[in-house]
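The following paragraphs lead the reader through one protein model. Please keep the sequence and the coordinates in view while reading.

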Amino acid sequence: MSSTASHLKLVNVTLEYPDGEGSIKALDAVDLTVRAGQMISLVGPSGSGKSSLLAAAATLVRPTHGLVLIDGTDATGLSDKDLTALRREIIGIIFQQPNLLASLTAAEQLIIGEHLRGKSVKAARAKAAEMLDVVGLGASADKRPHQLSGGQRQRVNIARALMGGPKVLLVDEPTSALDHERSDSIVRLLRRVTDEFMVATVMVTHDTEFVPLTDSVATMRDGRLTAPVLTHA
Ligand code: ADP
Ligand code: MG
């Protein structure tokens, strides 16, 4: 459908939340294009709209105005049912807290979503093993969350987000619960999977130190986004 290989494109996106009698403009005419294999850092003060931008790109909220193009399809025109399918097939979401289920092994965390994608248990197992290898956890497939470190749990989270073969990866402060060394290796992993799987990645980070690992950086302020500036990795 899209010949431009622009996997994520926000066009003039405005998002207002109701606030008492009035409303809060969390996103104000935001434009952003992220291509396959590109990784963009999103920085800006708390409350500036970074998570709102990810939520709009993830199709978890519908913008008040504007277009959200995912792999060439305008998500703002889709039904809730189609959006659910789109998220499952094309969008990977990684939030600060891995949100793993306490009773499941690392492999099982990855396998359960595959059922919803209509995959057989056998195919799901094979894919889970492959993705755990990608994130360096091939030997920890049978461990439960409490047996893993914070960094390892975030790796499981990343592997899970990759299971459906997403074209867009949306990452909100993936390192805020981690020490410096683990943060560095998580951002490097996100860089590597962006390249390897040719996904369009947006990473919200308060840690400007990791910005050079990404291709460009855009700054959010009061719901407005600056044009991305190239970094020199
Ligand atoms: P950031 O991630 O940069 O800290 P957010 O996107 O979370 O910023 O928030 C942007 C603005 O939108 C803030 O003023 C925040 O209070 C408001 N906001 C965010 N989510 C909601 C919501 N679900 N309902 C109402 N207001 C919200
Ligand atoms: Mg936020």
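Helix H3 contributes the most to the lining of the largest pocket, with 5 residues. Helices here are DSSP runs of H or I with at least four residues, strands are runs of E with at least two, and both are numbered from the N terminus. The model is predicted: local features need pLDDT of at least 70, side-chain atom pairs count only at pLDDT 80 or more, and totals for chains, interfaces and linings use all residues. Residues are numbered from 1 along each chain as its sequence is written, chains are lettered from A and ligands numbered from 1 in the order in which they are written, and side-chain values use heavy atoms, with hydrogens and water left out.

The volume of this largest pocket is about 580 Å³. Its lining comprises 22 residues, and Ile91, Ile93, Arg117, Arg160 and Ala161 lie nearest the centre. Two or more lining residues come from each of helix H2 (80-90), strand S6 (91-94), helix H3 (106-116) and helix H5 (150-162). By class, the lining divides into 11 nonpolar, 7 polar and 4 charged residues. In this scheme Ala, Val, Leu, Ile, Met, Phe, Trp, Tyr, Cys and Pro are nonpolar, Asp, Glu, Lys and Arg are charged, and the others, Gly among them, are polar.

Pockets and cavities are both found on a 1 Å grid over the protein atoms alone: a cavity is a set of points where a 1.4 Å probe fits but cannot get out, a pocket is an open set with protein on both sides within 12 Å along at least five of seven lines, and lining residues have an atom within 4 Å of a point. Grid points are joined across faces, edges and corners, and a volume is the space filled by probe spheres set on the points.

Buried means under 20% relative accessible area, exposed over 50%, and partly exposed in between, with a 1.4 Å probe and protein chains only. Leu110 and Ala141 are 31 residues apart in sequence, with their C-alpha atoms 9.8 Å apart in space.

How are buried and exposed residues placed on helix H4 (residues 121-134)? Ala124, Ala128, Met131, Leu132 and Val134 are its buried residues. They fall within an arc of 145° seen down the axis of H4, so they line one face of the helix; the arc is that of the directions from the helix axis to the C-beta atoms. On the other side of H4, Lys122, Arg125 and Asp133 are exposed.

Strand S1 (residues 8-19) runs antiparallel to strand S2 (residues 22-34), and 9 bridges join them. Strands count as paired if DSSP finds at least two bridges between them. Within this pairing, Val13 has Val30 as its bridge partner, and Leu10 stands opposite Leu32. The two strands form a hairpin with 2 residues between them, and Gly20 in the turn has a positive phi of about 60°. S1 also pairs with strand S4 (residues 65-70), in the antiparallel sense, over 5 bridges; there the partner of Thr14 is His65.
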